[in-house]
Amino acid sequence: MTKTILVIAVFLLAVAVGILVGPTHLDSEILQLRISRVILGIFAGGVLAFCGCLLQGLFGNPLVEPYTLGSASGAALGASVGILIFGAISPILAFFGSLGVGFFVYTVARIEGGLLRDRLILAGVVLSFLCSSLVMIIMVLGGRELYEILYLLMGYLGVIIDATNRIMIIILIVISLGLVAFLYRYHRELDIISQGTETAAGLGIDIQKFSLIIFFSSALLVGLTVSIVGAIGFVGLIIPHVSKLLFGPRHRYNLGASFILGSTFLVLADTLSRVITVYELPVGVVTSLVGVPFFIYLYKK
Amino acid sequence: MYFSKNTLLFCGGLALVCLISCAKEQIGSGYRIVSLSPAMTEMLFSLGAGDKLVGVTTFCDFPVQAKKIRKVGDFSHPSIERIVALKPNLVIINLPEQKRIKGELEKLGINTFVSSPNSLTDIYQELSAIGRELDLERQADSLIEYMKHNLQVTTPDNRKRVFVEISPRPIVTIGAATFLNDLIERAGGVNIFRDLNKDYPVVNQEAVITRDPEIIIVLHPKGITGRTGWQKIQAIENNRIYTDLNPDHLMRPGPRLVDGFRQLKRIIND
């Protein structure tokens with residue numbers, strides 16, 4: 001209980017810090033800007049960590065996350081294609097990229113009555129490499145779009161919100177949060193499956209169907225997130241581990257905690273990236289710069 | 001007489017042919033230039049050396065004659081094979097973008113001329129260097145004179161703060177190490193990011209809002225209306241956003257900077 005209060009307190013603190021701390025005085029315009037940035041941080045950090053937790057539970061593998069499964073790279077590829085063709089990031093293409101890679105990985109790893117977990121990671125990593133090469137080709141072809149794709153690959157929360165994308169971003173966030181709420185209801189099934197697929201099958205869970213739902217919903221979530229803030233790495237991999245260290249293996253607590261911790265982490269990382277320079281430092285860079293030492297410390301303790 | 005009339009005629013003819021072919025050689029031995037820099041392509045045409053160009057990039061679209069010259073690729077990715085196939089004896093390279101090409105050409109023993117101007121002084125220096133190289137010093141001097149005359153410093157009582165947006169996602173602007181920064185200062189304005197000693201820095205929105213520009217020049221087609229948090233910026237409140245400037249007149253260090261400068265002066269001192 002105390003842990004829960006602590007996590008929520010830290011989250012609120014992070015939000016306050018994200019809004020109040022910055023290189024400049026606070027007036028209503030800066031406030032608007034920071035609030036929208038914090039909202040993006042809560043949304044992206046939360047969704048990525050939530051997906052990581054979901055996938056790690058489903059496949060019982062600590063390495064699984066949107067990146068290692070290839071869906072983040074697939075989404076980045078789709079979004080880059082959008083930049084090349086339409087001159088703007090297209091959420092639909094990002095989603096299809098994410099889904100396409102997800103589907104391929106799923107097909108490779110599928111066997112009778114379940115998924116081969118090792119093959120899943122392998123296929124995901126291989127597909128990630130493929131997507132990266134294709135994105136490189138687009139960067140070479142694009143020339144002028146290079147910066148935009150580069151920032152998409154690293155992820156950043158400094159996205160300009162204007163009349164052309166405001167409504168779309170709100171809709172995408174609402175859809176994502178709805179999907180998160182929908183997936184949260186499966187925490188009990190996830191607990192059982194992470195114990196072992198035989199037990200789960202014995203208890204009457206249709207593993208095939210269940211994996212399919214989780215797998216593609218998370219692909220959708222990742223596609224939506226990438227189309228707004230780019231492919232922010234590290235959050236989805238590490239945060240679920242931190243949450244597990246704090247709250248143990250049960251998904252009822254773990255899923256929620258991952259969301260809140262992911263939000264906290266990303267909002268803080270973004271505040272840091274904003275404060276240290278007037279340059280737009282991609283938040284994806286800061287997440288790993290700060291996150292890796294923290295993670296090593298946590299595990300060595 | 002040791003030689004018959006026929007022999008003499010033959011020798012004479014031979015000599016004539018030799019002379020003609022030598023003369024031809026002389027004409028043909030002039031410069032064969034490949035320009036990988038759209039700005040330098042414009043400069044060469046202004047110097048009257050456009051006919052020496054045998055290859056250009058797909059970005060070299062001015063003057064119209066430049067469009068008819070053989071293309072060797074685009075600005076960022078010229079093809080080394082196509083360049084070599086044109087047998088140039090001078091290739092004009094833009095740094096830092098074409099560093100790789102420069103190394104490869106030098107390995108092949110092809111003469112290169114480097115262009116990478118970060119200020120107006122650089123532009124003038126390069127112009128006189130290419131003039132010397134091509135024996136067109138007089139023309140180069142008069143072009144420099146023309147540019148200097150038309151790019152004279154204006155010093156208003158208070159300098160307007162200018163923000164230039166090159167691309168919106170992420171926000172790319174100009175730092176101190178650009179000739180456009182020079183032009184803005186000469187036109188009587190001050191670039192809000194001149195403290196960044198870079199050419200094209202990526203900056204965050206908060207920095208733009210805090211520095212509160214009085215004039216915003218948008219050099220991309222996407223526009224900047226309705227941005228969250230930008231409403232109170234002076235330029236936006238007073239509707240001093242300029243989206244219709246030709247980027248080629250401001251971003252391309254060629255003779256048309258004069259046109260761009262004229263527009264800048266009009267905008268800033270409006």
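Modeller: Ile216(B) has Ile241(B) as its bridge partner in strand 11 of chain B. That contact belongs to the pairing of strand 10 of chain B with strand 11 (residues 241-242), which run parallel and are joined by two bridges; two strands count as paired if DSSP finds at least two bridges between them. Helices (H or I, at least four residues) and strands (E, at least two) are DSSP runs, numbered from the N terminus.

The model is a predicted one, in which local features need pLDDT of at least 70 and side-chain atom pairs count only at pLDDT 80 or more, while totals for chains, interfaces and linings use all residues. Residues are numbered from 1 along each chain as its sequence is written, and chains are lettered from A and ligands numbered from 1 in the order in which they are written.

Strand 10 of chain B also pairs with strand 5 (residues 160-165) of chain B, in the parallel sense and over four bridges. Here Ile215(B) in strand 10 is the bridge partner of Val162(B). In a regular strand the side chains alternate between the two faces of the sheet. Strand 10 (residues 215-218) is covered on both faces: Ile215(B) and Ile217(B) are buried on one side, and Ile216(B) and Val218(B) are buried on the other. A residue is called buried if 20 or more other C-beta atoms lie within 10 Å of its own, exposed if 12 or fewer, and partly exposed in between, with C-beta atoms placed from the backbone.

Strand 1 (residues 33-35) of chain B runs parallel to strand 3 and is joined to it by three bridges, with Ile33(B) opposite Leu90(B). Strand 3 is also paired with strand 4 (residues 112-115) of chain B, again in the parallel sense, over four bridges. Within that pairing, Ile93(B) has Val114(B) in strand 4 as its bridge partner.

Strand 3, helix 5 (residues 99-107) and strand 4 of chain B make a right-handed β-α-β unit; a crossover is right-handed if, with the strands pointing away from the viewer, the path from the first strand over the helix to the second runs clockwise.
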